[in-house]
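The following questions and answers concern one protein model. Please consult the sequence and the structure while reading them.

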Amino acid sequence: MKALFFLRHYNDIDHITPVIYKWVDSGHNCDVVLIGNAQFRRDFRIEFLSKLDGVRVAHIRELLLPLEFIRWRLQMLLLSGSLRRSLIGPLVSVLAQIYDAKRRESTWQRTSERLLVYSFKGINEGIVAFDWIERNSVISVEWVETVISMARAKGFRTVSLPHGDSPHANQLIRRHEWNLKPDNTFAAARMFDKLVVPNELCAGRFRPFLDGQAMAVLGSPRYCDEWLTKLTELLPPSPLTRSDSKLKVVIFLRKNNFTTFWEEVGEVVQMIAAFTGVEIVIKPHTRTGWKQSLTKDATLLRLPNVSIAGANVHSAHLVSWADVIIDIATSVAFEAVKINKPVLAADYLHAGRSTIADFMPETELRCRDDVYKKIDGFLLNGCSSFYIEEHRLRFLREIIDVIGPDVLPRYVALLEEQVRASSV
């Protein structure tokens, strides 16, 4: 069976690579087309996939004619939400009105046709997979809709796979979100034949826009047992070294459009750094870390036991290195829970209620005093026996495994089912 996977950024590479690996391991083949930054050609997961029998990896620039790619890229920029919110936003909006949907259509169709022919020439059944494409995605929904409609016209089914999880248990978490109504950001999922989510918490985002048959809840491909075991074989050597510090703390920062109380985050970093024997590494978000004030705070950067993780330090490196993780609502911390490493859910540092604290109240930090007591306790007593095991097992059961620990075979079975449906 043949599949075409589109990958665009760090998160969907992180979460969809396990599915691609298992798809090929099950005897099928596929094409992986990168539609984001070409630098991801050098990502260790993409390099791993490119070496597998039955996988072809290419960046979209390599598959389109030069003029086609330039037009495709310019149209993407015209529809980019981030550009429209920038200083040149008014100009971009005017250009998008002049170069309207009708004029954009021919480029969308030519590029879609070229990619579909590249992957499925001489093949009558197959599947096309994207990640969770949302209304605010950098990759234009307009183009994805064209790819999907043309794929469907050729008899191929389309699937949307997870590019993450739900680190928040509540809904109103971003700036300017004030109404508890279904979030239209997720309505774009209706274009796919099947949407896959890891758990019911994620499913809740999409249910207002999809009927039950259009969604499957299959567990987490990124944090399941099989992939975590495989990941240890693939991960490049860690650039982090074990020092003689008594307590190693990693702080994972959330994407910049989520409401975070940066002043207090800085206070917490300074307070923890004042403990003797503590070493802190701060991991900015993979895409918007440069926008976060904490990474440019000279007061913090001068502290001898505080450092900012570079792009070559992967989250898995940090989880392995740390004794304790401070989580500002990121699904990265799920891996630490899985391996029974303490996570402090710093809910008072952001506007949300974290999934980890919701399932495991013993992890929650509700004020600065809580931070002090937890760090002091780890230094005095060590980091073992942190979780209430009943709570942790419920978290793993409902958020990671869902139906059971064999997560990746379920993803392959769903994709196979969709391919078979395309030949009916």
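Q: Which residues does Arg110 touch, not counting residues up to four places away in sequence?
A: Residues are numbered from 1 along each chain as its sequence is written, and side-chain values use heavy atoms, with hydrogens and water left out. Arg110 lies in helix 7, residues 101–120; helices (H or I, at least four residues) and strands (E, at least two) are DSSP runs, numbered from the N terminus. With contact meaning heavy atoms within 4.5 Å, the residues touched by Arg110 are Glu68 and Arg71.

Q: Is Arg110 buried, partly exposed or exposed?
A: Buried means under 20% relative accessible area, exposed over 50%, and partly exposed in between, with a 1.4 Å probe and protein chains only. The relative accessible area of Arg110 is 35%, so this residue is partly exposed.

Q: Which residues are in contact with Lys154, leaving aside its neighbours within four places in sequence?
A: Lys154 is found in the loop between helix 8 (141–153) and strand 5 (157–160). Its relative accessible area is 36%, so Lys154 is partly exposed. The residues in contact with Lys154 are Glu113, Leu116 and Asn124.

Q: Which residues does His15 touch, not counting residues up to four places away in sequence?
A: His15 lies in helix 1, residues 10–25. Its relative accessible area is 4%, so His15 is buried. The residues touched by His15 are Pro162, His163, Gly164, Pro221, Arg222, Tyr223 and Ser331.

Q: Are helix 1 and helix 10 roughly parallel or roughly perpendicular to each other?
A: Axes are lines fitted to C-alpha atoms, for helices over the stretch in contact, and angles run from 0 to 180 degrees between N-to-C directions. Angles under 35 degrees count as roughly parallel, over 145 as roughly antiparallel, 65 to 115 as roughly perpendicular and the rest as oblique. Helix 1 and helix 10 (residues 225–234) pack at an angle of about 95 degrees, with their axes 11 Å apart. The two helices, helix 1 and helix 10, are therefore roughly perpendicular.

Q: How many nonpolar, polar and charged residues does the contact of helix 1 with helix 10 have?
A: Helix 1 contributes Thr17, Pro18, Tyr21 and Lys22, and helix 10 contributes Glu226, Trp227 and Lys230. Ala, Val, Leu, Ile, Met, Phe, Trp, Tyr, Cys and Pro count as nonpolar, Asp, Glu, Lys and Arg as charged, and the others, Gly among them, as polar. By class, the contact of helix 1 with helix 10 has three nonpolar, one polar and three charged residues.

Q: What separates the C-alpha atoms of Arg392 and Val337?
A: Arg392 is placed in helix 17, residues 389–401, and counts as buried at 8% relative accessibility. Arg392 touches Val337, Lys338, Asn340, Met360 and Tyr387, not counting residues up to four places away in sequence. Along the chain, Arg392 and Val337 are 55 residues apart, and their C-alpha atoms are separated by 7.3 Å.

Q: What is the phi of Asn340, which is not a glycine?
A: Most residues other than glycine have a negative phi. Asn340 is found in the loop between helix 14 and strand 12, and its relative accessible area of 41% makes it partly exposed. The phi of Asn340 is positive, at about 65 degrees.

Q: Which element has the lowest mean pLDDT?
A: The mean pLDDT of the protein is 89, and 92% of its residues reach 70 or more. Where pLDDT is low, the predicted coordinates should not be read in detail. Among the elements of the protein, strand 12 (residues 343–345) has the highest mean pLDDT (97), and the lowest (56) belongs to helix 5 (residues 81–84).

Note on methods: Predicted model: local features only at pLDDT ≥ 70, side-chain atom pairs only at ≥ 80, totals over all residues. pLDDT = per-residue confidence, 0-100.
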